[in-house]
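Hello,

Here is the model I promised to pass on. Have a look at it first, and then read my notes below.

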Amino acid sequence: MFKYNVRGENIEVTGAIRSYVKKKVGKLEKYFSDTPDATAHVNLKVYSDKTAKVEVTIPLPYLVLRAEETSPDLYASVDLVVDKLERQMRKYKTKINRKSREKGFDFIVPDEATLDSQGELDIVRTKRVSLKPMDSEEAALQMDMLGHNFFIFEDAETNGTSIVYRRKDGKYGLIETN
């Protein structure tokens with residue numbers, strides 16, 4: 001069911017590596033009986049200190065699964081990433097089964113901004129997103145699954161744009177707009 005996009009940085013993606021990734025990430029397909037044509041984007045990176053980083057992103061109509069792991073062994077990193085993604089899916093499925101939502105989520109990524117050499121703000125990337133209605137609890141869950149510090153969503157009760165964020169004490173905050 002999944003289509004695979006396996007890329008390597010500082011490593012040649014051999015048939016054995018590609019086959020291993022497909023076998024392991026393919027275990028996640030059991031969670032997606034109703035999702036045709038999902039693409040699993042897998043980035044493999046090998047660093048000069050002989051560690052390997054594996055990033056897997058699976059964009060779906062209702063959420064985006066994403067995990068990354070670094071370890072001394074490439075194959076171990078693949079295993080650890082798949083374990084993380086499975087935990088995310090079990091958590092998501094449990095939550096959704098309780099709420100039985102009809103609408104889904106979109107992937108939200110903040111703009112990356114830096115100061116240029118003159119000290120002015122230099123926006124290097126822009127993303128446009130459509131906000132889906134959900135409650136703050138679901139937005140916090142989606143934020144955790146993506147590994148982000150904040151998440152922008154449309155509040156299902158007020159129809160206003162809201163932001164849920166992780167506080168320094170580990171708890172969650174909510175910013176509501178007028």
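**Around Ser-71**

The side chains of Ser-71 and Ser-77 make a polar contact at 2.7 Å (a pair of N or O atoms within 3.5 Å; within protein, one must be able to donate a hydrogen and the other to accept it, and residues adjacent in sequence count only if both atoms are side-chain atoms). A polar atom of the Ser-71 side chain also lies 2.9 Å from the backbone oxygen of Asp-73. Ser-71 belongs to strand E4, residues 64-71, where helices (H or I, at least four residues) and strands (E, at least two) are DSSP runs numbered from the N terminus. With a relative accessible area of 10%, Ser-71 is buried (buried means under 20% relative accessible area, exposed over 50%, partly exposed in between, with a 1.4 Å probe and protein chains only). Not counting residues up to four places away in sequence, Ser-71 touches Thr-51, Ala-52, Ala-76 and Ser-77, a contact being heavy atoms within 4.5 Å.

**What you are looking at**

This is a predicted model, in which local features need pLDDT of at least 70 and side-chain atom pairs count only at pLDDT 80 or more, while totals for chains, interfaces and linings use all residues. Residues are numbered from 1 along each chain as its sequence is written, and side-chain values use heavy atoms, with hydrogens and water left out.

The protein chain has an average pLDDT of 80, and 81% of the residues score at least 70; pLDDT is the predictor's confidence in each residue, from 0 to 100. Please be careful with residues 101-116, where pLDDT stays under 50 and the model has 53 contacts beyond four places in sequence. Where pLDDT is low, the predicted coordinates should not be read in detail.

The protein chain holds three helices and ten strands, in the sequence pattern β-α-β-β-β-α-β-β-β-α-β-β-β. Of its 178 residues, 37% are buried. Among contacts between residues at least 6 apart in sequence, 43% join residues at least 24 apart.

**The sheet of E7 to E10**

Four strands form an open sheet in the order E7-E8-E9-E10, with mixed pairing; two strands pair if DSSP finds at least two bridges between them. Strands E7 (133-134) and E10 (172-176) are at the edges with a single partner strand each, so one side of each is left without a neighbour in the sheet.

E7 runs parallel to strand E8 (residues 150-155), and two bridges join them. Met-134 has Asp-155 in E8 as its bridge partner. Between E7 and E8 the chain passes through helix H3 (residues 136-146), in a right-handed β-α-β crossover (with the strands pointing away from the viewer, the path from the first strand over the helix to the second runs clockwise).

E8 and E9 are antiparallel, with five bridges, and Ile-152 is partnered by Ile-163 in E9. Their hairpin has five residues between the strands, and Asn-159 in it takes a positive phi near 60°. Strand E9 (residues 161-166) is also antiparallel to E10, again over five bridges, and here Val-164 stands opposite Leu-174.

H3 itself is mostly covered, with eight of its eleven residues buried. Among them are Leu-141, Met-143 and Leu-146. Just after H3, Gly-147 has a positive phi of about 75°.

Which residues have the most contacts inside the largest nonpolar core? They are Val-25, Leu-44, Val-54 and Ile-58, in a core of 30 residues. A nonpolar core is a set of buried Ala, Val, Leu, Ile, Met, Phe, Trp, Tyr and Cys residues joined through side-chain atoms within 4.5 Å. H1, E2, E3, E4, helix H2 (74-99) and H3 each give two or more residues to this core, and H2 supplies the largest share, seven residues. Apart from this core lies another, of nine residues, including Met-134, Ala-139, Ala-140 and Val-164.

**Two loop residues to check**

Asn-10 is not a glycine, yet its phi is positive at about 65°. Asn-10 lies in the loop between strand E1 (3-9) and helix H1 (15-25) and is exposed, at 69% relative accessibility. Lys-50 likewise has a positive phi, near 70°. Lys-50 sits in the loop between strand E2 (39-46) and strand E3 (52-59), and is exposed at a relative accessible area of 66%.

Best wishes
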